[in-house]
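Visitor: Could you walk me through a few packing details here?
Guide: Gladly, let's have a look together.

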Amino acid sequence: MGTLNNSSKAPKESGIRSLTNILRKNSEMQLPEKTGYKVLALIAVLGIMIPCTAIVGFISYVMTEALLEVGSPGGGMLFEMQILSAFSMVFGIMVIFSVLFFSSDREHFVTLPIPAHHLMMSKFIYAYFAESVMEFLILVAVFVGYFLAIGRNVGLMAALNPISIISSFLGVALIPLIPMIYCAIFSLILMAALRGVKSIGIFYRTSTIFLLIFAAIFVYSLRGLGEVNMENYVESLGSGDNLFLRTLNIIFFPVPWLSEAISRGNILYLLLYLVGNVVLLAILYFLGKLLYQEGLYTAAALGSSKKAQIKAKDISEVSQFRASLMKEMKVILRTKAFSGNCAYINILWPAGIWALFHFTKDKGGMASFIEMYKTGHARADMILIMAVVGIAFIATALNSLASTAFTREGQHLSLIKFIPVPYETQLNAKAMLSFIFTYPALLVTDIVICIYMGVPLYMGIFYAIIMLLAHVIGMIIGIMMDSSSPYIDWDDEYSALRGNLNTFFNMAIMMVISALIIGLGLLIYELLKLPIVAFYFVLFLALVAAMLMLIRSGRRFILKNMEKM
């Protein structure tokens, strides 16, 4: 392995800024020059980004209104900023770790006369901006919601003082920085402390550890609230007794200073916040200077130790379809990025639905909705089936198994043309992979819903069929998109997921389809006043027709694209 010269002075063109620009241009999928993709980009913005930011802004507005009554108007804003910081750290640790040490461009850069810490900082800055785009938008919504709530009470002009506005703009750009710095520092120290470890598995478990720690602190913070509801939790934020927020205030210590700068318009707190960020960034810089080059050696040793071992059980005659399916399964299960984000993420649906019903079935709106359904209200029937269909569509898109079907091949994509397996067999294996990891989780979700809602057996079976139709539609659309413009020049597996526009666009399409189904239900039931059975019938026929059409035309489309790869 080549070395990075820490002592040599890097030429101007290989400085941190230039390296960052190179990484930015070469590490993300470019939007294909096709009208259809531009339309999809617009749909994604209108169907995902804007609605999400609007919802966050509304939550910020409501929390600020509630906390004004207890004299802590900035408490809701602070809580939201700290929650975003915690999520950035949990989901950013593996991205930063992979970008710093295991991206495929490592072998190209190490032979160049570039100081190791310059390369580290450029990779960090690139990953920071690439990972934080959506968070920037959400933070804008947080601050807009806050200022609207404050302005409603004291007047908008009084709320919009210059220091508060400047602090908000800086907060949008810098709040994700601190958790990302922590992730990078942790990666450097972990690599240095465990350089003798020959298994990479221990590194990839850190995000799970952080998630469990934050989740445990959050659950513990509910202790002593009495009945767990939003009102009691907001009161704990206003009184300063919330253990979860207090803990986050210690970990991400500069964020409370930013909250004070915005809520009070205090320039001293703003300067403190900026100094805190600069100090943490300097610590990262000097730690990188000390540890990054050795960390690259450790990463290279780990990579070279992973030899392919052929076992007797692997040398067996199986059908072409089974061999193709097993190859797809191994890629998913043996790759941390794919296993967590594509396979195990499906467990969240039955687990999340169970938690929702288990903790809210006897309270508030959920108890009323269950009672409405059990007493035969048609509107409750319609809402439930729309929710079931929406879950099936969104779950299929969210795990990105279909929308990365060809992207996962990376720079070996051309092999699908040369291995002695028909295109159709390879396509069937990719489709079956999505089905195996997605539909069983949807079935369990259906069972959980039926048990808690008291759904009759025949309706539970109908929901399972509807979910299957929706899943197949979403799966085919995802594979079609990825076959049209696969993203193959990715540096690491996290980039294959994060930088793949097909995944983002597929999610947007599924959300639009879900919205159309909701609109269909409203049209049939609310406007035409037809019985709910009519909605079931129309929905079933529409999904069957769409599935059959996609199976026929979509398969031809995908196979034609495979021939061009």
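**Packing around two spots**

Guide: Beyond residues up to four places away in sequence, Ile138 touches Thr53, Val56 and Leu84, where contact means heavy atoms within 4.5 Å. This is a predicted model, in which local features need pLDDT of at least 70, side-chain atom pairs count only at pLDDT 80 or more, and totals for chains, interfaces and linings use all residues. Residues are numbered from 1 along each chain as its sequence is written, and side-chain values use heavy atoms, leaving out hydrogens and water.

Visitor: Why does Ile138 count as buried?
Guide: Buried means under 20% relative accessible area, exposed over 50%, and partly exposed in between, using a 1.4 Å probe and protein chains only. Ile138 counts as buried because its relative accessibility is 17%.

Visitor: At what angle do the axes of α7 and α13 cross?
Guide: Helices here are DSSP runs of H or I with at least four residues, numbered from the N terminus. Axes are lines fitted to C-alpha atoms over the stretch in contact, with angles from 0 to 180 degrees between N-to-C directions. The axes of α7 (residues 162-174) and α13 (residues 254-264) come within 7 Å, and they cross at roughly 145°.

Visitor: Which residues of α13 meet α7?
Guide: On the α7 side, the residues are Ile163, Ser164, Ser167, Ser168 and Gly171. Their partners in α13 are Leu258, Ala261 and Ile262.

Visitor: Which residues in α13 are buried?
Guide: The buried residues of α13 include two prolines, Pro254 and Pro256.
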